Amino acid sequence: METEVKLDRTTMPVFGKEANIDIVHAQEGKLPNGIPLYSVNAGTQDVIKVEMIFNAGATQQNKPLIADTANSMLEEGTTKHNSEEIASMLDYYGAFLEVAAYHDYAAVTVYSLGKHVAKVLPILEELVKEPSFPQQELDVYLTNKKQRFLVEDKKVRAVAARNFPALLFGDAHPYGHVTKIEEYDTVKQADLQSFHKTNYSPNGCAIIVSGKFKEPLMNMIGDHFGGSTWKAQQTEASKKVDITPSAEKKHFMAKEKALQCAIRMGKPLFLKSHPDAIPFQILNIILGGYFGSRLMSNIREDKGYTYGIGSGVVFMKDAGYFQISSEVGSDVCDKALIEIYKELDRLCTEPIPQAELQLVKNYARGNFLRSMDGPFSLAERFKHIWLHGLDYSYYEKYVSTLAEITSAQLMDVAKKYLQKDSIYELVVGAKK
């Protein structure tokens, strides 16, 4: 008879020696007209992702909402096809389109089966080069956006999310501007056409291709986007606006009859290239970056003040910031704030127990490995360093820092950046 083996589920398995992480690097090329072309040829599935990145984010616009609206309207009609025809063509080939505008850049991305990519690339080219920004579609888009604004404006979470960046960067700065509903009425078709002509051009473009593909794909991309007929445009340097954080640290916005209070806390930070960027990210995981974090364990599991709470670090081209976010019952908001500040103070004054630190290191390493799984993820990882002027040594440093950082070093980081008097606080909810 075979002996039954019983597993001890009460003891965590011993972790083996950490192996080196071999990251597939993006290959760099250039189209005849100078557009940088990066590629990650990996994976097993016959699916290809082509992402076009343009210098067309909010920092490039000269009035509010233009960057986001221009990007969203790319798929709403061209000089050759209307929005319904565009959607039908993409559906016919099983392709999927994504458009997105951010603070520092905008992206137009298409996913396609490899066997159909030769048919899909002309559609992508048409969307990028020949959008018509039809007035009827624009009117519908702006009406929908205003309606959504009114709906979201009733939610404390949305109001807090919209207003908190202004405390860190100032409303005049693109990173902190608070959108107002009347600004939708200022968006004109001519603004979009002008912005597109200036910012969706070869001299502000880069292309990242990922998936399982053959060499002819690079030639096809060159045929559609590398020709001299797509003219580069003269662009003016974006007007630099000084970052002006609020003079006051604590803010409250009244939302009558709200049953919950939205909490946003945080501060401006450094760039992704800063020496403390990686240690601070590890510290953030401990505080509120995963389900077993200190904020979740205290505010949700122990006190029951909220369903969810977390913290995060955001890096942009010219700045970064740290943020804690949650929604709690109005009757326990003050108590929740006290506990959050307690957790910040603990990181500054108490060494992190070795068992907790090792658990976080194991979690972060596993999460990092998962983020490298597949060609699309590899391309995304490349983009996240390329956008910040970094190279793959950043990830090597991340892995080595994660393995070697000590509790004492993390406490030093906390003392530098998480002192209570440096934290901005915004609460949105009903008056007490």
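Start with the sheet. It is open, has 5 strands, and runs in the order E7-E11-E8-E10-E9, with mixed pairing. Strands here are DSSP runs of E with at least two residues, helices are runs of H or I with at least four, and both are numbered from the N terminus. Two strands pair if DSSP finds at least two bridges between them. At the edges sit strand E7 (250-254) and strand E9 (306-315), each pairing on one side only. On average, neighbouring strands of this sheet are turned by 15 degrees against each other, direction ignored.

A word on the source. This is a predicted model, where local features need pLDDT of at least 70, side-chain atom pairs count only at pLDDT 80 or more, and totals for chains, interfaces and linings use all residues. Residues are numbered from 1 along each chain as its sequence is written, and side-chain values use heavy atoms, with hydrogens and water left out.

Now look inside the sheet. Strand E8 (residues 260-269) pairs with strand E10 (residues 320-329) in the antiparallel sense, over 10 bridges. Find Pro-268: opposite it stands Tyr-321 in E10.

What lies across E7, E8, E10 and strand E11 (424-429)? Helix H5 (residues 156-169) does, running at about 25 degrees to E8. Axes are lines fitted to C-alpha atoms, for helices over the stretch in contact, and angles run from 0 to 180 degrees between N-to-C directions. Contact means heavy atoms within 4.5 Å.

Next, the domains. The domain assignment gives domain 1 (27-225) and domain 2 (250-429); such bounds come from an automatic or database assignment. The contact takes 30 residues from domain 1 and 34 residues from domain 2.

How much area do domain 1 and domain 2 bury between them? About 2700 Å², 78% of it on carbon and sulfur atoms. That is accessible area (1.4 Å probe) lost on putting the two parts together, summed over both. In domain 1, Val-156, Phe-164 and Leu-167 lose the most area to domain 2, together 24% of what that side buries.

Charges meet here too. There are 3 salt bridges between domain 1 and domain 2, each a side-chain nitrogen of Lys or Arg within 4 Å of a carboxyl oxygen of Asp or Glu. Elsewhere on the list, the side chains of Lys-255 and Asp-153 meet in a salt bridge at 3.7 Å, N to O.

Last point: H5 supplies the largest share of the side of domain 1 that touches domain 2, 10 residues.
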